Protein chains: 2
Amino acid sequence: MPMQTPVPLSPASPRSENTSSAHDKVYRGLRIRIMHGELPPAHALTLRGIGREFDVSMTPAREAVQRLVAEGALFMSSSGRVATPELSNERIEELAALRALLEVELASRALPRAHMALIERLQTINGTIAEAVAHKDAVAYIRTNLEFHRTLYLRAQAPAMLAMCETVWLQLGPTMRALYGRLQRTELPHFHRAIVAALHAGDEPGLRLAVRSDVTQGLKLLAG
Amino acid sequence: MPMQTPVPLSPASPRSENTSSAHDKVYRGLRIRIMHGELPPAHALTLRGIGREFDVSMTPAREAVQRLVAEGALFMSSSGRVATPELSNERIEELAALRALLEVELASRALPRAHMALIERLQTINGTIAEAVAHKDAVAYIRTNLEFHRTLYLRAQAPAMLAMCETVWLQLGPTMRALYGRLQRTELPHFHRAIVAALHAGDEPGLRLAVRSDVTQGLKLLAG
DNA sequence: GCAGCAAAAACGTGATCACAAATGCCCATG
DNA sequence: CATGGGCATTTGTGATCACGTTTTTGCTGC
């Protein structure tokens, strides 16, 4: 049965709603998994495996992987194999410095725009983080922690800066998972309370210090 | 003539030396063209056109484009069409702030490692920039200007930071071309002399100010 | 029991094709 | 002469395939 046509298995997929393209679905799925620490460092991935998992062919999987490699979320060996990165200590320190640089600036820009509703929302997220800590759920901890930061930085009205920031988070995703595993019992993030307090007081130097401390805190002891 | 095999037109391409993959060749070629301002803003590209130009099929062209879109070097419309970005004034200001943030830090880190040979090399590059200005060669000007900055920042030993910096340059490439066209007669970059002087004197505050000024200078009047 | 080599399975790469949507063009109509 | 609708062309998307390379497996010999 020499079928000549490439047998369009799902041509009638109606692209029903705002469902974007297949490679975007794969990209977003992998990106969230990596950023939230669902994958350990040096975890290998294959194009065919990704395609099977997301029920697409190799082509969209390849595009998604290529994009993630470009963002530093995945590392590609010389033979083309891809895996989550296993960062050196120097790299971790550099990315932590980058986080400090970007996030201090973002927080500083968000400060004049921060009103009560935002602060209350941040406190709610802090509560959710405490729950994740209590349940020893690393992924939930990382996810809500990033949500805390992103909620604040969204007020900065600086999309390019926030995008760069998220790229750094993405690169640190697997490492943060390993970090959480190393110190399994974490205290609830008390620097987050300092951030909220500084926002409330309109204290910019205090905010900058609190953000810098929160960002540097965890990564320090991993690299040390 | 129902040829079943996809007729491997160039299967004997011996991947002769360290010639990397085809999509990497396309990626690097497009990246340099964009970063150096060879393409104006809102310049449309097609996958088949890229493939024709680089003598590859659509597949590597697509991967390269996807990567450049991920880095912000190209913009993809909802219909999948790609073009160089046409940045809004807010975006330009934000990217300029990002340049200032990153490059001041990189220069500061490079300062203690800067020795005489580096300073001499920077002065040589400055001479080449003056030539480009004299010849009214926008592409050469942008290229050598970026070479000046990269040469300095390489001493910072911070690859992740430098990579982010180059991503910003990439996003600004077409815009910088338009900027150069707008002010066709540019004075030679006197902030570069201030950078070299501060490096020579070991003056860190002066270096930070000079870099910030140099980076902000041109982009200010474009956005204003 | 272990080291090493060969066979085999799996992988990435790049090319081609079918299809749907979007773009552009041209002519007919007001 | 301007404008709108319909057709042809172009474009991106995703699937499949062949091929060379890499990785893993399994077996043999020491």
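Mentor: In chain A of this predicted model, strand E1 and strand E3 (residues 82-83) pair in the antiparallel sense over 2 bridges, where strands are DSSP runs of E with at least two residues, helices are DSSP runs of H or I with at least four residues, and both are numbered from the N terminus; two strands count as paired if DSSP finds at least two bridges between them. In general, strands of a sheet pair through backbone hydrogen bonds, either parallel or antiparallel. Within E3(A), A:Val82 has A:Leu45 standing opposite. These strands belong to an open sheet of 3 strands in chain A, antiparallel in its pairing and ordered E1-E3-E2, whose edges are E1 (44-45) and E2 (75-76), each paired on one side only.

Before we go further, note that residues are numbered from 1 along each chain as its sequence is written, while chains are lettered from A and ligands numbered from 1 in the order in which they are written. Local features need pLDDT of at least 70, side-chain atom pairs count only at pLDDT 80 or more, totals for chains, interfaces and linings use all residues, and side-chain values use heavy atoms, with hydrogens and water left out.

Chain B has an open sheet of 3 strands with antiparallel pairing in the order E1-E3-E2, and here the edge strands are E1 (44-45) and E2 (75-76) of chain B, each pairing on one side only. In chain B we can look at the pairing of E2(B) with E3 (residues 82-83), which is antiparallel and runs over 2 bridges; B:Met76 is the residue opposite B:Val82 of E3(B).

The contact (heavy atoms within 4.5 Å) draws 27 residues from chain A and 27 residues from chain B. Together the chains bury about 2500 Å², of which 67% is on carbon and sulfur atoms; buried area here is the accessible area (1.4 Å probe) that two parts lose on being put together, summed over both. On the side of chain A, A:Gln66, A:Glu94 and A:Met164 supply 24% of the area buried against chain B, more than any other three residues.

There are 2 salt bridges between chain A and chain B, each being a side-chain nitrogen of Lys or Arg within 4 Å of a carboxyl oxygen of Asp or Glu. One of them joins the side chains of A:Glu63 and B:Arg62, at 2.9 Å from N to O.

Of the atoms of DNA strand D that come within 4 Å of the protein, 63% are accounted for by sugar and phosphate. A:Thr59 instead places a polar side-chain atom 2.8 Å from a base nitrogen of DNA strand D. H3(A) provides the largest share of the surface near DNA strand D, with 3 residues.

Around DNA strand C there are 22 residues, of which A:Met58, A:Arg62, B:Ala22, B:Ser57 and B:Thr59 are the closest. A polar backbone atom of B:Ala22 is 2.4 Å from a phosphate oxygen of DNA strand C, and an N or O atom in the side chain of B:Ser57 is 2.7 Å from a phosphate oxygen. B:Thr59 has a polar side-chain atom 2.8 Å from a base nitrogen of DNA strand C.

Technical notes:
Near = heavy atom within 4 Å. Polar contact = N/O pair within 3.5 Å; in protein donor to acceptor, adjacent residues only side chain to side chain.
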